[in-house]
Protein chains: 2
Amino acid sequence: MTKMHRVTIVGGGFGGLHAALSLKQVPVQVILIDQRNFHLFQPLLYQVATGGLSPADIASPLRLVLSRHHNVSVVLGEVVGIDPVRRVLGLKNQDGALTEQPYDTLVVSTGSRHHYFGNDVWEPWAPGLKSIEDATTIRSRLLAAFEYAESEPDPNRVRSYLTFVVVGAGPTGVELAGTLAELARDTLRHDFRRIDPANARIVIVERADRVLSSYPHRLSARAHKSLERLGVEVRLNSTVLQIQSGLVILKESFGEETIRAENIIWAAGVKPSPLGSLLAQHADAELDSSGRVVVKPDLTIGNHPEILVIGDLAFCFDRNGRPLPAVAPVAIQQGKYVAKLIRGRLTNRPISPFRYRNFGNMATIGRHAAVVDLGWIKFSGYAAWTFWLFVHLMYLVGFENRLLVLVQWAWNYITHNRSARLITEHVRLTGPRADRETQRLDVSDRARPR
Amino acid sequence: MTKMHRVTIVGGGFGGLHAALSLKQVPVQVILIDQRNFHLFQPLLYQVATGGLSPADIASPLRLVLSRHHNVSVVLGEVVGIDPVRRVLGLKNQDGALTEQPYDTLVVSTGSRHHYFGNDVWEPWAPGLKSIEDATTIRSRLLAAFEYAESEPDPNRVRSYLTFVVVGAGPTGVELAGTLAELARDTLRHDFRRIDPANARIVIVERADRVLSSYPHRLSARAHKSLERLGVEVRLNSTVLQIQSGLVILKESFGEETIRAENIIWAAGVKPSPLGSLLAQHADAELDSSGRVVVKPDLTIGNHPEILVIGDLAFCFDRNGRPLPAVAPVAIQQGKYVAKLIRGRLTNRPISPFRYRNFGNMATIGRHAAVVDLGWIKFSGYAAWTFWLFVHLMYLVGFENRLLVLVQWAWNYITHNRSARLITEHVRLTGPRADRETQRLDVSDRARPR
């Protein structure tokens with residue numbers, strides 16, 4: 001018996017998971033490495049952050065999803081090194097022990113992280129939304145702000161508690177701001193006795209001259225209008241100069257403006273996972289200016305046809321020479337392509353280069369409102385919203401998750417409620433009151449411009 | 001207009017929440033104080049700990065539950081003092097500020113905490129199951145043990161990862177051990193490639209001579225048999241002498257025995273909330289030996305007819321002179337009674353003493369198996385299991401929660417699965433391996449017998 005070809009996949013997100021799933025009928029041994037034990041449906045993470053869904057609704061245990069895929073082993077650990085000559089990865093497992101993980105073909109699909117454009121010190125004051133823990137932390141902070149406001153005598157501080165700033169008006173930022181507005185104006189309407197949550201101020205800040213700047217202009221305009229209808233303050237051409245405990249300083253056309261807000265959420269930028277530079281260092285991978293790995297049309301790198309990079313970490317052109325966006329459909333299609341390529345290699349069948357089929361983009365902005373751009377048709381409003389719901393349910397992994405999300409959406413829709421509103425972490429909001437949080441204020445002092 | 005009578009309720013568990021709900025039609029102003037923003041359905045907490053349900057399924061935001069109860073204000077904070085002469089509570093709110101909260105009638109319903117019988121140093125090695133955070137921590141630790149075992153070369157350590165010890169065979173311990181056995185032997189069956197989860201060893205340790213010692217003997221015997229059928233090792237007349245990182249030492253009839261186990265779960269004892277001693281110190285409340293507040297037949301204390309204590313914190317006799325058990329139905333009925341009493345006082349109608357109507361006890365031990373004791377009838381098996389499901393769904397707060405739990409139970413039942421199996425915390429299991437966890441081992445050293 002010959003030794004089976006070993007495909008090692010790093011990352012259980014959209015790309016890696018779909019690669020593993022698509023290799024089911026291929027006679028290879030598959031190792032799927034991830035730091036977490038679940039696949040996360042990131043496009044709905046903002047609904048966890050706003051109390052509409054529970055973490056488990058949008059997370060599927062990798063072992064569960066792959067339990068009937070007998071050629072796949074799931075390994076939990078972090079890749080910390082690579083030796084492309086010996087074809088082994090250095091793997092740090094959960095208790096810190098280092099082991100080697102060999103591969104014949106390597107698929108790297110480790111996505112991206114938040115990116116503060118050199119201002120990492122902002123992170124404690126403006127958390128991003130990438131992981132389940134990010135989502136439950138933000139959820140706790142958002143809800144705690146209303147609680148603090150309810151028991152706060154000082155009206156200036158109440159104002160600060162009830163001000164929410166979302167930095168970045170891409171799909172995540174827009175969806176988050178819209179949902180936040182609904183939470184304040186609708187869901188929490190009857191819940192407080194001293195404050196009126198409807199008075200909450202929600203600001204979305206965007207550097208570009210329109211929201212959803214990667215979408216067609218007409219849809220940006222619609223989304224903008226939808227946000228304003230929900231009472232969201234949209235700031236375009238606005239740059240964040242500084243974020244500190246409880247305040248954000250913006251550079252506007254009319255000068256600098258300081259907004260005091262206990263909740264600032266970062267939805268502005270991502271950077272590629274550190275595996276990119278590992279590949280550049282050890283396997284001569286070429287990186288683009290943002291740190292993504294430049295891949296060939298068949299998603300391999302430089303002199304290593306046995307190393308494939310897919311998903312957000314890969315920099316790849318479409319047929320028209322435009323770079324592919326960092327979205328789930330690209331990663332999924334690349335994952336499937338990788339499986340096809342590997343099968344082709346085993347049977348010596350040539351496989352044509354990867355070609356992305358763009359089925360479109362969309363974003364939702366609260367109840368009944370969404371924008372959809374399918375290329376051949378662009379629409380918004382109620383139909384777009386229904387379409388958005390349908391597509392998201394379809395792409396969720398696991399029938400039970402689909403059912404649970406459907407039940408909760410239906411319930412939220414009927415009752416205007418969001419029942420996963422749990423403050424599950426000890427939250428200390430961090431406003432500029434001199435007599436508290438000295439330790440944290442130290443950190444923010446260091447963050448001041450020099 | 002006369003000032004409205006102010007009822008301040010401390011604790012949003014079963015007792016406090018039902019008191020607040022039952023005061024809806026009573027012309028009083030109600031303040032409900034809790035440290036958390038949600039009511040927790042504790043009887044199903046073990047299902048969160050074993051990945052069957054999500055936290056939000058068994059937690060209901062207090063403001064949501066009470067949003068239409070316009071005479072109720074929810075206040076988040078911790079009661080740290082009481083002045084029964086001026087009738088004010090000292091309240092520490094979330095950012096540490098102290099305020100005063102006045103009352104005309106005070107209802108204290110703050111329940112109980114874990115109790116390690118003087119061995120609080122055991123807590124890090126044997127977490128208890130009282131809060132949502134406890135449940136998600138235990139869930140992460142249980143699931144991580146299987147993950148660690150999968151990648152562990154040393155068979156002794158694999159054994160230790162796959163050994164689970166539950167201390168205490170009351171309803172929580174029995175339900176937890178049963179579910180754990182199902183998780184290992186059934187749910188995770190196809191999930192691993194190197195280990196066989198079915199080989200997991202699950203031990204339940206009980207000081208008394210039978211499991212469920214507060215139930216009739218026949219039901220204890222049935223529960224015992226059900227546990228053994230699931231492959232749970234039942235240790236009766238067994239005392240915990242010592243718990244350290246990764247091991248528990250038991251005193252058995254045949255001598256001492258050491259079990260190496262990375263997961264030890266404490267389900268053995270609770271102690272009343274610290275508010276009991278606050279009442280004893282400042283309001284002359286009498287405490288029983290375990291620290292519960294001894295209440296009169298109308299649930300008031302000593303010389304303070306305006307202070308009522310209910311739920312697990314209260315020590316109260318039934319008509320036959322037996323103390324009432326610390327279970328949810330007692331707290332719920334006492335909460336309702338308190339509302340009736342307050343209404344009676346306002347209208348000068350005398351109210352007869354509190355009388356507990358015992359509808360029975362029950363526990364479930366895995367699929368299809370449960371024991372039910374309704375006093376007039378005792379039964380077990382499939383019928384008892386169905387009855388258990390029905391009653392728990394009925395008592396869950398909120399229709400949406402009932403629906404979500406029902407969907408997940410049905411799904412789990414059909415597919416033998418539990419999909420909320422997320423490791424959401426960074427878990428370091430803490431076995432006795434010299435080269436790791438030095439900081440933690442320091443703590444365990446201090447815990448050694450002197």
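In strand β24 of chain A, residues 370-373, A:A370 and A:V372 point one way while A:V371 and A:D373 point the other way, and all are buried, buried meaning that 20 or more other C-beta atoms, placed from the backbone, lie within 10 Å of the residue's own. Strands here are DSSP runs of E with at least two residues, and helices are runs of H or I with at least four, both numbered from the N terminus. This is a predicted model, in which local features need pLDDT of at least 70 and side-chain atom pairs count only at pLDDT 80 or more, whereas totals for chains, interfaces and linings use all residues. Residues are numbered from 1 along each chain as its sequence is written, and chains are lettered from A and ligands numbered from 1 in the order in which they are written.

On one side, β24(A) runs antiparallel to β23(A), residues 361-364, joined by 4 bridges, pairing requiring at least two DSSP bridges; A:A363 stands opposite A:V371, and in the hairpin, with 5 residues between the strands, A:G366 takes a positive phi near 80°. β24(A) is also joined by 3 bridges to β25(A), residues 378-380, again antiparallel, with A:V372 opposite A:F379.

As for the chains, 44 residues of chain A are in contact with 45 residues of chain B, contact meaning C-beta atoms, placed from the backbone, within 7 Å. The largest share of chain A's side, 6 residues, comes from α4(A).

Definitions and conventions:
Contact = placed C-beta atoms within 7 Å. Buried ≥ 20, exposed ≤ 12 C-beta atoms within 10 Å, placed from the backbone.
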